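This report describes a few features of one chain for a reader who has not seen it before. Please look through the sequence and the structure first.

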Amino acid sequence: MSGFWTALVITLFAGLSTGIGGLAVVLKRKFSSRFLSLSLGFSAGVMIYISLTEIFAESNSLFATMYGSKQALLFTAASFLAGMLLIALIDRMIPDKINPHELSNINSDATGNVNTKKLLKSGMMVAVAVGVHNFPEGITTFTTAINDISLGIPIAIAIAIHNIPEGIAVAVPIYQASGSKGRAFLYALISGISEPIGGMIGYLILSRFITDTVMAVIFGMVAGIMVYISLDELLPLSHEYGEEHTSIYGIMAGFAVMAVSLVLFA
């Protein structure tokens, strides 16, 4: 049971980091474009490295014990692509205008004549969209953490980093429309609560059916989901907020930190 609560705390940390973005908005603090670019690149580097070197390998290893090496590679690849397809379908169901993966200029303030009702509605819809996206991320973080804490922690940190800009994206329009700092922060915070909820629901449903095969499929899908998020969200945003080299430096730093940490905790 201690593993359950540890995984829950880690997932809660990752999800509620959207509140950090909301707090930055209400405190009138802005992250520099260079910092956003570097941190988003770093998050992508962590997620891609750990997905392809550890999680994908764990899935393949579990499949290999049951089906042999050749079939294991096939099943792992299929699970990986299924994870990418799942998060891609979720992306497609949300209109671009409110999709947190399609948002830009989240650090900028609204100017000119603004319809406050539309702006408030937009902020609330973005909050819902972020919540929908965070649900599978919660399953990813929680499931990984409860099975291997050494993988769960870096995944949670990477997801927490990329949740901060999403919190800003929620808080900016709500603050601009309502003038309420508390309301802006609250919506940004609540948008991330679906992450631990998703983790718990996913675990409670899957725990009844957990076998080595199920875990192999889950690990493969988790790797696919994380790579998709990195390629579809983190890297494009990282390029948008800074020079291309800054983004690459962040990715390299993410690779290096994960490589060192995996060696230290091996």
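## A nonpolar surface patch

The model is predicted. Helix H8 gives the most to a nonpolar patch, with 3 residues. The patch lies on the surface and is formed by Leu-12, Phe-135, Leu-186, Ile-190, Ile-193, Ile-197, Ile-201, Ile-205 and Phe-209, which together have about 750 Å² of accessible area. Two elements give two or more residues to the patch: helix H7 (181–191) and helix H8 (194–206).

Ile-190, one of the patch residues, lies in helix H7. Its relative accessible area is 47%. Buried is under 20% and exposed is over 50%, so Ile-190 counts as partly exposed.

## Helix H3

Helix H3 covers residues 33–67, which is 35 residues. At 1.5 Å a residue, H3 should span 51 Å, and the C-alpha atoms at its ends are 48 Å apart, which agrees. H3 bends by about 45° at Ser-51.

What follows H3? The next residue is Gly-68, and its phi is positive, near 90°.

## Aromatic pairs

How many aromatic pairs does a search of the whole structure find? The search finds 7. One of them is formed by Phe-4 and Phe-142 and is edge-to-face, at 5.4 Å centre to centre and with 75° between the planes. This pair links distant parts of the chain, as Phe-4 is in helix H1 (residues 2–16) and Phe-142 is in helix H5 (residues 116–147), 138 residues apart. Phe-4 counts as buried at 14% relative accessibility, and Phe-142 is buried at 0%.

The rings of Phe-63 and Tyr-67 also pair, with centres 6.2 Å apart. Their planes are at 45°, so the pair is tilted. Both residues lie in helix H3, 4 residues apart, which is about one turn of the helix. An α-helix has 3.6 residues a turn, so residues three or four places apart point the same way.

## An aromatic cluster

Ring pairs also link Phe-4, Trp-5 and Phe-142 into a cluster. Phe-4 and Phe-142, both in this cluster, are the residues of the edge-to-face pair described above.

Terms used: Residues are numbered from 1 along each chain as its sequence is written. This is a predicted model: local features need pLDDT of at least 70, side-chain atom pairs count only at pLDDT 80 or more; totals for chains, interfaces and linings use all residues. Side-chain values use heavy atoms; hydrogens and water are left out. The expected span of a helix is 1.5 Å times one less than its number of residues. The bend at a residue is the angle between axes fitted to the seven residues ending there and the seven starting there. Patches are made of residues with over 30% relative accessible area and no salt bridge: like charges are joined within 9 Å, nonpolar side chains (Val, Leu, Ile, Met, Phe, Trp, Tyr) within 5 Å. Accessible areas come from the Shrake-Rupley method with a 1.4 Å probe; for residues, only the protein chains shown count as cover. A salt bridge is a side-chain nitrogen of Lys or Arg within 4 Å of a carboxyl oxygen of Asp or Glu. Buried means under 20% relative accessible area, exposed over 50%, partly exposed in between (1.4 Å probe, protein chains only). Rings of Phe, Tyr and Trp (its six-membered ring) pair if their centres lie within 6.5 Å; planes under 30 degrees apart count as stacked, over 60 as edge-to-face and the rest as tilted.
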